[in-house]
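Reader: I'm new to protein models and would like to learn how to read helix packing and pockets. Could you walk me through an example?

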Amino acid sequence: MRRIEHLDLALCLRCNRLSHFPFWRAIFRVVSRLGNGGFWYLLMVLLPSIHGSAAWPVVGRMALAGLVGLLLYRWLKHKTSRPRPCQVYAAVAAAAPALDRFSFPSGHTLHAVSFSLVAVAGFPGLASLLYPFAALVALSRPVLGLHYPSDVLAGALIGAGVAQLVLGVFPT
């Protein structure tokens with residue numbers, strides 16, 4: 001277990017080095033800020049504007065995935081209470097403000113993955129936009145010193161599970 005923790009910290013430190021460069025820090029701050037919800041809410045508004053009534057079931061699934069994801073990640077954060085790497089290690093710089101106290105799992109990543117998978121299931125043409133954006137959101141979290149890579153991986157896996165659950169209950 002110690003070996004995994006050391007690897008997690010080493011990867012976190014390596015990612016966090018990017019935040020020392022103003023250009024990358026600015027890029028990942030913007031990506032992270034968009035991943036707070038603004039990008040996804042805008043997508044949910046635009047889909048019916050572009051695709052008409054065919055988009056409403058997809059928007060409904062995205063909203064459900066968001067709710068399930070929010071409940072899961074809040075419960076997990078409360079249960080695990082894992083401090084953020086920037087709170088534990090002086091070598092990890094917080095390059096953006098955190099939305100809450102705890103690190104595990106990454107809610108940004110969880111929602112980026114679940115929203116992307118649900119949206120692409122309904123509109124496959126969105127994959128070339130949403131998958132890279134979700135990957136950048138995930139990468140932004142350790143770059144900004146707010147999450148360990150394991151938090152991001154857990155968020156991605158939970159997000160994929162939430163998407164599968166929603167799509168299984170309400171298939172396209």
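**Helices side by side**

Author: H2 and H5 are roughly parallel to each other, a label for angles under 35 degrees. This is a predicted model, where local features need pLDDT of at least 70 and side-chain atom pairs 80 or more, while totals for chains, interfaces and linings use all residues. Residues are numbered from 1 along each chain, and side-chain values use heavy atoms, without hydrogens and water.

Reader: At what angle do H2 and H5 pack, and how far apart are their axes?

Author: Two packed helices are described by the angle between their axes and the distance between the axes. Here H2 (residues 22-51) and H5 (residues 107-122) pack at about 25 degrees, with axes 10 Å apart.

Reader: Which residues of H2 and H5 meet?

Author: Contact means heavy atoms within 4.5 Å. Among those meeting are Trp 40 and Leu 43 in H2, and His 108 and Phe 115 in H5.

Reader: What about H5 and H7?

Author: The axes of H5 and H7 (residues 149-169) come within 7 Å and cross at roughly 35 degrees. Val 113 and Leu 117 are among the H5 residues in this contact, and Gly 155 and Ala 156 among those of H7.

Reader: Now pockets: what volume does the largest pocket have?

Author: Rolling a probe the size of a water molecule over the atoms shows where empty space is left. The largest pocket has a volume of about 340 Å³. Of its 22 lining residues, those closest to the centre include Asn 36, Tyr 41 and His 111.

Reader: Which element gives the largest share of that lining?

Author: H3 does, with 7 residues.

Note on methods: Axes fitted to C-alpha atoms, helices over the stretch in contact; angles between N-to-C directions. Helix = DSSP H or I, 4+ residues; strand = E, 2+ residues; numbered from the N terminus. Parallel < 35°, antiparallel > 145°, perpendicular 65-115°, else oblique. 1 Å grid on protein atoms, 1.4 Å probe; cavity = no way out; pocket = protein on both sides within 12 Å on 5 of 7 lines; lining within 4 Å. Points joined across faces, edges and corners; volume = space filled by probe spheres on them.
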